[in-house]
Amino acid sequence: MQWQCNRNSQPDNLEKAERENEPEGEEQPGMASSAAIDGVAAAALRSVLQRVQQAAEKSARKAQDIRVVAVSKTKPVSLLRQVYEAGHRCFGENYVQEIVEKVPQLPEDIEWHFIGNLQSNKVKPLLTGVPNLAMVESVDDEKIANRLDHVVGSIGRKPLKVLIQVNTSGEESKFGVEPSGCVELAKYVTSGCPNLEFCGLMTIGMLDYTSTPENFKTLANCRTEVCKALGIPEEQCELSMGMSSDFELAIEMGSTNVRIGSTIFGPREYPKKQSN
Ligand SMILES: *Cc1c(COP(=O)(O)O)cnc(C)c1O
């Protein structure tokens, strides 16, 4: 089935992180000693996972239905390794050059999410440099969908999971399809791109990387329309929304995928950019 995107395929973050606090916890292959995981980022991860759990409970959802993408852009590989060793497996990056440099230095069982604006000429380096790329969250037009579809087919990797990025800000932006265009693009990806697996919708929120409840509501409304048009249940269409400052609200509003950077890794070393 083309729609099935299993959020449970990743390790259960919270349980895993908690197990590591116990001296006689289950053995993890490649685990460092428990002293080594006691870093600031590992502690921050545990706290985030606890908050995710609480937010999920508040809205009668299960924490394992919400994926936490640890957004590691600008952060050194040593810090990613610390979070990996604390049990986390899902990481997000938004610059092609940066992700392809990091990937070979880190374990192969990481599930990488690409969350940045993607140019056509960077698709091949991304896909060949990241064999364990789990998802591209930022498909926002037919051209990039076509290019991804073509390259996935030509390198013979398994179908690539994608989300469609929606501009919910109401501001003019070259990133993200307008809400009124998301049905058409979702139809295009599902019917015209056999090597892509449409998994849902993503939004950043406002252009300054903050979000409002309206942004989340807009994305949820887009999902309703897309699911109606494609004839699929809403549970099979993900919502990637919520970042460090608002992930709990996003979860209460139905997010299945939160992208959390600075709360886990600390403030970034260079200012946030919207163009690259
Ligand atoms: C950087 C980034 C994030 C993480 O932002 P924080 O506020 O640091 O959690 C999430 N999503 C995207 C697309 C990003 O580029």
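Helices (H or I, at least four residues) and strands (E, at least two) are DSSP runs, numbered from the N terminus. Residue numbers start from 1 along each chain as its sequence is written. This is a predicted model, where local features need pLDDT of at least 70, side-chain atom pairs count only at pLDDT 80 or more, and totals for chains, interfaces and linings use all residues.

**Exercise 1.** Work out how β2 pairs with β3 and with β1, and trace the chain between them.

*Solution.* Start with β2 and β3 (residues 111-114): they pair in the parallel sense over four bridges. Two strands count as paired if DSSP finds at least two bridges between them. Going from β2 to β3, the chain crosses through α4, and this β-α-β crossover is right-handed. Right-handed here means that, with the strands pointing away from the viewer, the path from the first strand over the helix to the second runs clockwise. Now turn to β1, which runs parallel to β2 and is joined to it by two bridges. Val-71 stands opposite Gly-92 in β2. β1, α3 and β2 also make a right-handed β-α-β unit.

**Exercise 2.** Are the two faces of β2 covered or open, and what does α3 pack against?

*Solution.* Cys-90 and Gly-92 sit on one side of β2, Phe-91 and Glu-93 on the other, and all are buried. A residue is buried if 20 or more other C-beta atoms lie within 10 Å of its own, exposed if 12 or fewer, and partly exposed in between, with C-beta atoms placed from the backbone. Next, take helix α3 (residues 77-85), where the buried residues are Leu-80, Gln-82, Val-83, Tyr-84 and Glu-85. They pack against α2 (40-58), β1 (67-71), β2 (90-93), α4 (96-102) and α10. Contact means C-beta atoms, placed from the backbone, within 7 Å. After α3 comes Gly-87, with a positive phi near 110 degrees.

**Exercise 3.** Which residues of β5 point which way, and which strands does β5 pair with?

*Solution.* In a regular strand the side chains alternate between the two faces of the sheet. In β5 (residues 160-165), six of six residues are buried. Leu-160, Val-162 and Ile-164 point one way, and Lys-161, Leu-163 and Gln-165 the other. For partners, β4 (residues 133-139) pairs with β5 in the parallel sense over three bridges, with Val-136 opposite Val-162. The chain gets from β4 to β5 through α6 (residues 142-155) in a right-handed crossover. β5 also pairs with β6 (residues 196-202), again parallel, over six bridges, and Ile-164 stands opposite Leu-201. Here the chain crosses through α7 (residues 182-192), and this crossover is right-handed too.

**Exercise 4.** Check the span of α6, then find what its buried residues pack against.

*Solution.* The expected span is 1.5 Å times one less than the number of residues. For the 14 residues of α6 that should give 20 Å, and its end C-alpha atoms are 20 Å apart, so the two agree. Buried in α6 are Ile-144, Ala-145, Arg-147, Leu-148, Asp-149 and Val-152. They pack against α5 (123-129), β4, β5, α7 and β6. Gly-156 follows the helix with a positive phi, near 70 degrees.
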